[in-house]
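The following exercises ask the reader to work from a structure to its description.

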Amino acid sequence: MKRFLIASLSLAFALFARAADIPVRVTVDTAAPGHAVSPLLHGVFFEDINYGADGGLYAELVQNRSFEHTESLYAWGTVNRGGAGDVTVETAEPLNAKNPHYARLTIRDAGKGFGLANSGFGGIALKQGENYLVSVRARGDLALRAVIEDETGRPLGECALEAPGAAWKKLEGTIKASGPASHARLVLLATAAGRVDLDVVSLFPENTFKQRRHGVRADLAQMLADMRPAFMRFPGGCIVEGKDLPNRYQWKDTIGDIAERPQNWNRWQDAIRGQTAPQYYQTYGLGFFEFFQLCEDLGCAPVPILNCGMACQYQSKQLVPTDQLDPFVQDALDLIEFANGSPTSPWGARRAAMGHPEPFGMKILGVGNEQWGEEYFARYPIFHAAIKAKYPGIQIVTSAGPGVDDGHWKLAWDKFRGGTPADIVDEHYYRPPQWFLENATRYDAQPRNGPRVFAGEFAAHDGRTRRASLRAAVAEAAFMTGLLRNSDIVAMSSYAPLFAKAGAIQWQPDLIWFDNERVYGTASYHVQALFARHRPDTTLPVKIEGAPILLPPLPARDVATYGANPLTPYHPDSLPTVFVAAGRNDRDHEFVVFLVNSYAEPRTATVELRGATQTTAQAHITTLTSANADDANSFEEPRKVAPRLEALAVTAASVTRSLPANSLTVLRIPLIR
Ligand code: AHR
């Protein structure tokens, strides 16, 4: 076996030695346009995992603002400046039944101030000169000062909050930060003896994305905007299912006044062994209305996914009996009315009351996350029938299970091909980079007349550490040439997960990393953005010559993770290393060619636009690469792997370029008409 292994690798190296010298010839037939590219081909998948929502995209700076964590005063501390008093958490006569806990300050002697401080999500980050909006629901006879203090206790600004009186009242103020801070805290301070009850204590930057009051973090949302996603899938992911049924995501809990949205624990608290996050909660401040609004602000289509009466099939496996699904089905019908109904309809009126009388124009709805098995197929058709009966124009996303090519996936496709109705089938692939290279052609032979595919969650998992390396990104890019080439049947695709907060992650790799102050895109982020930004409208046939079939060495990390034999399913004995897709972009009047070199050495490629009458024009070439396939971005080097744009004068309908090792090149050549 060992000798066989050595022989295989020697053969590979022998082939490699020649391969770099063989020029690649790409012929794009511009006179024979293929199919229209799905306008929704590239989107984003949002899930509240890795602190993606609370503490992340949702710009709220106070953690545990409603005292609903099981550890009720988590993130809160008592402030006592020479006084005497108590801080307790109470439930009698709460703000409302959905928000049962609140904090009570009982102050016998205020000294120089007695109160509560919130330290946010690992500190509150402030920008000098910017405004911060404070709001509190309060009851009692004490006026308060809301003060923002930096990590040394130095006040950076404050506002006064009047004594609320005997009934719950919303108090509001604005604080302008006199200085920057990374680990500030919000202090609510009383300066007289008495009693006051506090709930829904909130601090927001005024400067949010599109200046939405109490909206989303401007820098994180801008990263999404820069990708130009065609759709956003939300709210997940497994969070839709819940660890058990009571923990599932229920969209009706996430709309209306934030004080009336019941909180839920986040199923990613303990989903992964050894990575528990016991204080990870969902305030639902970033709820369905906000998701729809964000989609509108990003100019992308909303794609909500709903629970179908099934909790996580890896965990509790709880099921709602099929004769008790009515409330779940009704939730789906009501959601369509909430999104699209007239403002005079019951749920359309709820949307209008939140400030959006116009419909959101939702056209696609998912039923179940990555569900599988007969249990799913006993439930999904019930939803399908009810939705289509009332809203025949809604396209339904249906699950093919957690992976592809396994038993669950086969059962699902047997069902769809055997008569179970399906519009768009959601497939998930979390596999090693090698798998993505091998599967760049997986849809070439797929029947064209069945349901379309949503490559709904994918990411190349590079070795045990699952670093978002250039290697992983290049493999994803190779795979995406196949999605584009087959975008008559691949309707949509999205990388997953989207966000990761440093120090608070449950899952790797992720597309966008952030902390309270910084953000960067991984190499994979740039791949997604390049494909989305330059998505052509029509495909063009491509012929590749000289991209020899090679046997690339199996990376040591994959040997460790997936087995020593290079001839495993993850490592066939032959594989191309140059991947190409091309098209015509009618909006920008240009030809677009995506070229991926997954080989460890540069390759010279000549791209000929056959049939194009090219005269002098300015082409644009964007290259994503780095010195080493292991390279990855970080807070310290956020653009180590980042696209580089060059202009190039082209005189003929052909361009010769060196494709760097481990690279994605996007060639854009103006259409001469
Ligand atoms: O993206 C992370 C998780 O992967 C999603 O929540 C789930 O759908 C899949 O298993």
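Predicted model: local features only at pLDDT ≥ 70, side-chain atom pairs only at ≥ 80, totals over all residues.

**Exercise 1: A sheet of eight strands**

Task: Give the strand order of the eight-stranded open sheet and name its pairing.

Solution. 
- Step 1. The order is β2-β14-β17-β18-β19-β20-β21-β22, and the pairing is parallel.
- Step 2. The edge strands, β2 (44-45) and β22 (490-495), each pair on one side only.

**Exercise 2: Strand β8 and its partners**

Task: Decide whether strand β8 is largely enclosed or largely open, and identify the strands to which β8 is joined.

Solution. 
- Step 1. A residue is counted as buried when its relative accessible area is under 20%.
- Step 2. In strand β8 (residues 131-140), nine of the 10 residues are buried, so the strand is largely enclosed by the rest of the structure.
- Step 3. β8 runs antiparallel to strand β11 (residues 165-176), and nine bridges join them. Tyrosine 132 stands opposite isoleucine 175 in β11.
- Step 4. β8 also runs antiparallel to β13, with eight bridges between them. Here the partner of glycine 140 is valine 196 in β13.
- Step 5. Phenylalanine 204 belongs to β13, which spans residues 194-205. Its relative accessibility is 0%, so phenylalanine 204 counts as buried.
- Step 6. Phenylalanine 204 and valine 62 are 142 residues apart along the chain, and their C-alpha atoms are separated by 8.2 Å.

**Exercise 3: A buried charged residue**

Task: Is aspartate 334 buried or exposed, and with which side chain does its own side chain make a polar contact?

Solution. 
- Step 1. Aspartate 334 is located in helix α5 (residues 326-340).
- Step 2. The relative accessible area of aspartate 334 is 10%, so this residue is buried.
- Step 3. Its side chain makes a polar contact with the side chain of lysine 252, at 2.7 Å.

**Exercise 4: The surroundings of the ligand**

Task: Describe the residues around the ligand by class, and list distances from oxygen atoms of the ligand to polar side-chain atoms.

Solution. 
- Step 1. The residues that surround the ligand include Cys238, Trp268, Tyr430, Glu457 and Trp507.
- Step 2. The shell consists of six nonpolar, two polar and three charged residues.
- Step 3. For glutamate 47, an N or O atom of the side chain is 2.5 Å from an oxygen atom of the ligand.
- Step 4. For glutamate 370, the corresponding distance is 2.6 Å.
- Step 5. For asparagine 369, a polar side-chain atom lies 2.9 Å from an oxygen atom of the ligand.
- Step 6. On its own the ligand has 280 Å² of accessible area, and the protein covers 97% of this.

Conventions. Residues numbered from 1 in each chain as written. Heavy atoms only, no water. Near = heavy atom within 4 Å. Polar contact = N/O pair within 3.5 Å; in protein donor to acceptor, adjacent residues only side chain to side chain. Areas by Shrake-Rupley, 256 points an atom, 1.4 Å probe, with all protein chains shown as cover. Nonpolar A, V, L, I, M, F, W, Y, C, P; charged D, E, K, R; others polar. Helix = DSSP H or I, 4+ residues; strand = E, 2+ residues; numbered from the N terminus. Buried < 20%, exposed > 50% of the residue type's maximum accessible area, 1.4 Å probe, protein only. Pairing = 2+ DSSP bridges.
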